[in-house]
Amino acid sequence: MVPVTTTTFAGSFPGTAPGTAAAVALHGVTRTYGRGPTAVRAVDGVDLEFPRGAWTAVMGPSGSGKSTLLHCAAGLERVDGGRVRLGDTDITAASDDELAALRRERIGFVFQGYHLIGALTAEQNVALPLRLAGRRPPRAEVRAALSMVGLGDRARHRPRELSGGQQQRVAIARAMVTRPEVLFADEPTGALDSASARTVLDLLAAMAARGQTIVMVTHDPAAAARAGAVVFLRDGRVADRLVGASAHDVADRLVRLEA
Amino acid sequence: MLGLSRATFRQRWPLFVGAALTVCIGVALVQSSLLVLISAATLPVPAGLAPAARAAFVEGSTTAVTLSALTLAFSAFLAVFIVSSTFAFTVAQRRPELALLRLVGAGRGAMRRLLVGEAVLLAIIGTAAGIPVGLAATRFQSGLLVGLGMVPDGFNGEWRSWILGVSAGVGIGVSLAGVLVAARRAGRVRPLEALRDTGDSARVMTATRWVAGLLFLAGGIALVILTPIGGAAGGQALGGNAALCLAVALSALSPLLVPVVARLIPVRGPVGELAVAALGDGVRRSAATAAPVIVLVGLVLAQATMLTSTTAAGAAEQRRATAGDLVLDATGPVGGDVTDLPGVAWASTEVVLPLTVSWGSGDDVEREDGQALVVDPAAYATAHPGREAVEALRGGRVAVAGPGAGAGSPGDTVGVLVGGSDLGPLPIVAGVPDAIGGGADLLLTADAVPAAELAAAPSRTVVALAPDADRDRVLAALAALGTVSTVPDWIAADTAARETTTVAVFTVIMGLGGLYALIGVVNAVVVGAAPRPAEFATARLSGLTRRQVLRAALLESAAVTTVGLLLGGLAAGGSFIAVLALTATMTGVATLAVPWALIGLLAGGLYLVTAVTSALATWSGTRRAPVSLLGATT
Ligand SMILES: Nc1ncnc2c1ncn2[C@@H]1O[C@H](COP(=O)(O)OP(=O)(O)OP(=O)(O)O)[C@@H](O)[C@H]1O
Ligand SMILES: [Mg+2]
């Protein structure tokens, strides 16, 4: 393997003092699936800090543990070892109800498969996290979130009446309506054509420009290049990272990683 | 949150309508059985009836009370079973959607509140609909009892306003009981499940299922073992309940058994493969459909078999316990006239009198109605081999416990009222063996009973012909005294009458309950098919025609029905063993009369109902073009 490290990797990014100001921090995080000889160590001792206000892409070959890492960071998956911090909160051993409250209030999700509730209109889907938090959101607030993703006129449509790109934008509006500290996105453009993907990436870029912390898993070097920094995973470990690289550089690095 | 329920309702209405329907019918049946039971129990005996007519009236209304109580018990059981399994299944079917709610931040408490709130809403709707439906059921059940002659014309389960409270309590209580376990589970749904659409991701054999299954299995086996010591009436109840417990146990454990049977289905071509794959993948669905089938088959088969077997055992017992050649039905103590006839070897005349026995004294008197038989001890012992204990009657003013055994045991002293005469306290000095077919509760001699009572009472006389008798002349002479038949004919006629009663009893107890269980089956098929359009669409996009998808669904439903029939048969098998032991203990001959015609009817009916329902559900689930269904993940 060719050494590909460009900058020294100390678990944090330049300009970030280690241990402070990170929106999400993972320390020695390990997650193993299964037991015995068939056990898979999906995440293997990862130390990572996602700085506040930054857009970080996570890349790596299929099965390298990207989704698992994201799930661990968001408290969707329990870790076997290590610690996970969200801002100042250690969520490693958080109770189920605390994690649910986190999902309602402090983090947002966007997934490749949209995962909207088919029975609800776009508007109702977007309002759902607020209503689960016990709030009766003003219609204007919900409409504003939908307008932000360019779907102000589709509020009353159901998911099956929307295109894939539109559904993904509703999902982004749903994730953002609570003004989360961190937005986690797992291949948000994975199921979209290039035009729709660009719309979604433009949205994320606009949000990042306003200071939104975004952690995004992607297979697309062009998408990764729009993020400020790229972390590469291989076999559950952080293999490399790039800051401010072009799509070409990212693709190049990925090819070498997969070699 | 209610907005979410409302929106979900619009899309998943068959789920909710099915759940509300099961509550509705459960409430209706419990309410109706309760009203009929109370009205039958408080039915006033008309004044001025002759003792015999009064006895007949009391006997009829007592039977009506027993039957209504049994019907009430079955209705309550079915309501709990069907409503809770429907609610649990409905929640299981919505699991992907519930996982999504968890993903966007619903806590455990919120999930429980959502599901319990929905359940209460459905319960209120179901109860509101159930109360008027219950009134119709009351009319039907009352009509059945009138038709059977157990209660007088014009009898109707009378409306009582407090029943509103009972029905509401039943509807809401049963729904809550059903949803609580399911809601707890839903609260534990992991949010990540929303991201993996691999179908049935939850474990189907939950701890609750294991515990319920094993507990009821143990209970069922215990009841089978206890049945033989329950006596004629108690034994039947125990045997029936054994089947009930086993049915619950097997439906709880059915997720283990469905895949085993699925492996036995001969697979040919893509349609068969699809059906078998669906069976394996949808274990929860198959179990939910099999459950009401198991309970329906188990209960109906057990009840029918217990009734026919005890009737058959009773007839055989009666044949063994009756010597002689002819039976004369007449009025009064005709014994002397019969023995005087030339050609008669011996004759045992048994006069039938209505009986009331009483125990205790003062305010604490307990009364029991029954039947007394006034006999000649020696002749009775000759006519009924095995009942020689009757000879103890020679002791004077005493009584002997009869084969019906409803008036006390040897050693007791009971107050005896026959017809209109109070005989005062009489000691029971001996007892003939209990008969499975029942009979008189107390045997007395003519010395203890006023002659006036005897003269007007119906009697039967068992007659044996002398070896050299002129049969035709004896027959002609007897015909002058009353109605004559041969012993076998007389027993056959008696058995036929009992069988008619048996069928009637069966109809009263099982009729509406069976219908309810059948609706439970239909409901489970509909609820099971509700979330499947996307699955069907995928199959069609992979190249299957709509017809092939339909065939696969039919094959699957036939397989599930087969599993239900087999397991229901197994549950009923417990009561088969119980009735064999019971009849062996009571009559010395193990008897099992399996109602094959009923089994055929039941199996055919169930295959037809599940096939038609699943065909309709699948056809409607494949109505839209397959592509339109793939976009929406939920
Ligand atoms: N629930 C699970 N049970 C068992 N193994 C799992 C589970 N989830 C993931 N794995 C395994 O863990 C490893 C990492 O999976 P993960 O989904 O994180 O990879 P990924 O990098 O997101 O891949 P992809 O790019 O294909 O989405 C894989 O080998 C996978 O098989
Ligand atoms: Mg992944």
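Start by selecting ligand 1 and A:Gly65: an oxygen atom of the ligand sits 3.0 Å from a polar backbone atom of that residue. That counts as a polar contact, meaning a pair of N or O atoms within 3.5 Å. Before moving on, keep in mind that this is a predicted model, where local features need pLDDT of at least 70, side-chain atom pairs count only at pLDDT 80 or more, and totals for chains, interfaces and linings use all residues. To find your way, residues are numbered from 1 along each chain as its sequence is written, chains are lettered from A and ligands numbered from 1 in the order in which they are written, and side-chain values use heavy atoms, with hydrogens and water left out.

Now pick A:Ser62: here an N or O atom of the side chain is 2.5 Å from an oxygen of ligand 1. On its own the ligand exposes 620 Å², and the protein buries 63% of that (accessible areas come from the Shrake-Rupley method with a 1.4 Å probe).

Next, show everything around ligand 1. Which residues come nearest? Of the 14 around it, they are A:Ser62, A:Gly63, A:Lys66, A:Ser67 and A:Thr68 (near means that a heavy atom lies within 4 Å). Color by chain, too: residues from chains A and B surround the ligand, so the site is shared between chains.

Which element gives the most to this shell? Select α1(A), which supplies three residues. Helices here are DSSP runs of H or I with at least four residues, strands are E runs with at least two, and both are numbered from the N terminus. Coloring by class, you'll find four nonpolar, seven polar and three charged residues in the shell. Ala, Val, Leu, Ile, Met, Phe, Trp, Tyr, Cys and Pro count as nonpolar, Asp, Glu, Lys and Arg as charged, and the others, Gly among them, as polar.

Last stop: hop to chain B and select residues 283-320 (helix α10) and 546-587 (helix α17). Their axes come within 6 Å and cross at roughly 30 degrees. That makes α10(B) roughly parallel to α17(B), a label for angles under 35 degrees. (Axes are lines fitted to C-alpha atoms, for helices over the stretch in contact, and angles run from 0 to 180 degrees between N-to-C directions.) The residues of this contact divide into 17 nonpolar, 13 polar and four charged.

Definitions and conventions: Angles under 35 degrees count as roughly parallel, over 145 as roughly antiparallel, 65 to 115 as roughly perpendicular and the rest as oblique. A polar contact is a pair of N or O atoms within 3.5 Å; within protein, one must be able to donate a hydrogen and the other to accept it, and residues adjacent in sequence count only if both atoms are side-chain atoms.
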